[in-house]
Structures are given as C-alpha cells and as structure tokens.
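Please find below my note on the structure under review. It is set out as numbered points.

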Amino acid sequence: MSKHTAQSPYSHQPQNLSTKSKTLVVGLTGGIGSGKSAASAWFAKQGIDIIDADVIAHEIVAKGSSTLRKIQKKFGDWVLNGDGTMDRAAVRTHVFTHPEALIELEAITHPAIREAAKAQLVNSTSPYAVLSAPLLIEAAEAGLANLCQRILVMDATEDTQLARASERDEQSVQKIKAIMTNQLSREERNRHADNVILNESDLASLYAKLAPLHEEYLTLAQQLKYAAD
C-alpha cells in the first residue's frame, strides 16, 4: 500500500460486515517499530481474533490465485517465477520506479484484501476482533478503516522506531527511514485514533496499558451486541 492523504474513518458510519455480524472491530495500526506485533500477540493471548492485513496481502497473491492472475494479465508473465509464484522482488522494484504501476497494482490488490478481511471478520467468534494494518489510515482507498468501530494507534518516538526496527529486521537506517516516510507522521496518525498507546518501555509496561483497553473493548462489544438484538 502506498502513502495517500488520510481521510478520517469516522466521517461516516462503519460499513456493515454482514446483516448477521455484531462484532466490534478494533483497527490496530502504527508506524514501523511501534509495537503492533507485540500488541497483536497480546490480544491473541486474550482469545481475540486477529485479522492481519499483511498476512492477507501475501495470501491473496498465492500461486494460482485469481488476484495473481489479474496481476499477470495486467503487467505480463514477468511477474511470475518459474514455479508460478509471484516474483515479489521484481514487482516491488517495478512499482518503486513506476508510480503509476503501483496505483494499477493497488487497484487489483486492495479490493481483494478488503474482501478477505471482511470474510474473516464475519467469521470471527471472539468477543471483538482486531484488524491489524500498518497503513490502515494512509490507504483510505483500501477501505479497511471503514470496517472498524475503533482505531487503536501504537505510538513511539522516531528514535525508538529506528532502534527497534533495525534490531528486529537488521535493516539499514536509510531503509527504515524510507519506510517511515511512506507512513503518516505521528501527529497525523494519532489525530485519527480513538486510543493511543505510547510504547516507549518494555513489554510489561505495554501489557499494563493494553489490559484496560481490552476491558473497554469487551464492554463496547457487549453494548454493540445488545443494540443489534
């Protein structure tokens, strides 16, 4: 997903996932190195279903998928490896040097990601569900923020982001900064949030901040369920 002008996901009511769906959806986002993965893992340990947009983005272009066939038709056979899988490196290089190609690629992948996310949310059985997406707010045209009733932003200073990301992925500082440039500023991202967690300390501190939010979301989920009955 590329960086786009953010639009508030609260300018209108979230779209119904299904006439039978009463699930509260919490959108989880944040910049690189902010602690999204740690937060997702904690919510999962509480029995909450996690819908991960990054995982979906990989699944929809699996070998033989309809989305991959659309990409092949649009760009040519060069997008495939010899075994029929997507040549991610070649596609990534191409869209990096051809901005118009990125727009064309996202026009194919974003609707597929959204539909897969909706399907997983409809099938969620936990009290509420977490929809995790790094560019939940930035990629407004993907429509993922519109599936959420609440947005939780993981926040961290730039120095912390750089330190965590470089240690985790052994990426160069330049590459990490390039990724950060493709994301909203802290101030802009936080402006769209219902809840913001400043994650500057250890995991114990993070979990202590997540626990009351979990209770809040459980209460909101119950209210949503009763309102829908």
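1. Basis of the note. This is a predicted model, in which local features need pLDDT of at least 70 and side-chain atom pairs count only at pLDDT 80 or more, while totals for chains, interfaces and linings use all residues. Residues are numbered from 1 along each chain as its sequence is written, and side-chain values use heavy atoms, with hydrogens and water left out.

2. Overall fold. The chain contains 9 helices and 5 strands; helices (H or I, at least four residues) and strands (E, at least two) are DSSP runs, numbered from the N terminus. Along the sequence their order is β-α-β-α-α-α-α-β-β-α-α-α-β-α. Of the 229 residues, 43% are buried, where buried means under 20% relative accessible area, exposed over 50%, and partly exposed in between (1.4 Å probe, protein chains only). A contact is defined by heavy atoms within 4.5 Å. Among contacts between residues at least 6 apart in sequence, 78% join residues at least 24 apart.

3. The largest nonpolar core. A nonpolar core is a set of buried Ala, Val, Leu, Ile, Met, Phe, Trp, Tyr and Cys residues joined through side-chain atoms within 4.5 Å. The largest such core has 33 residues, and Ile51, Ile71, Ala117, Leu121, Leu131, Leu136 and Leu144 touch the most other members. At least two residues each come from helix H2 (53–59), helix H3 (66–75), helix H4 (88–97), helix H5 (99–122), strand E3 (128–132) and strand E4 (150–155). The greatest contribution, 7 residues, is that of H5.

4. Leu131 and the second core. Leaving aside neighbours within four places in sequence, Leu131 is in contact with Val25, Val26, Gly27, Leu28, Ile51, Ala117, Leu121, Leu144, Leu147 and Cys148. A second, separate core has 19 residues, including Leu28, Ala39, Ile197 and Ala221.

5. Helix H9. This helix has 26 residues and spans 36 Å from its first C-alpha to its last, close to the 38 Å expected at 1.5 Å a residue; the expected span is 1.5 Å times one less than the number of residues. Its buried residues are Leu206, Leu210, Leu213, His214, Tyr217, Leu220 and Ala221. The buried residues of H9 pack against strand E1 (24–30), H1, E3, E4 and strand E5 (195–198).

6. The second largest pocket. On a 1 Å grid over the protein atoms alone, a pocket is an open set of points where a 1.4 Å probe fits, with protein on both sides within 12 Å along at least five of seven lines; lining residues have an atom within 4 Å of a point. The second largest pocket has a volume of about 440 Å³, the volume being the space filled by probe spheres set on the points, which are joined across faces, edges and corners. It is lined by 22 residues, of which Gly35, Lys36, Ser37, Ala38 and Arg168 are the closest to its centre. Helix H1 (36–45), strand E2 (49–52), helix H6 (158–169) and helix H9 (203–228) each give two or more residues to this lining. By class, the lining has 7 nonpolar, 8 polar and 7 charged residues; Ala, Val, Leu, Ile, Met, Phe, Trp, Tyr, Cys and Pro count as nonpolar, Asp, Glu, Lys and Arg as charged, and the others, Gly among them, as polar.

7. Val153. Beyond four places in sequence, Val153 is in contact with Thr29, Arg189, Asn190, Ala193, Asn195, Val196 and Ile197. Its C-alpha is 8.7 Å from that of Leu198, 45 residues away along the chain.

8. Arg164. This residue is found in helix H6 and is partly exposed, at 25% relative accessibility. The C-alpha atoms of Arg164 and Gly33 are separated by 5.3 Å, although the two residues are 131 apart along the chain. Leaving aside neighbours within four places in sequence, Arg164 is in contact with Gly33, Ser34, Gly35, Ala156, Asn199, Glu200 and Ser201.

9. Glu104. Glu104 lies in helix H5 and is partly exposed, with a relative accessible area of 33%. Not counting residues up to four places away in sequence, Glu104 touches Lys74 and Phe75.
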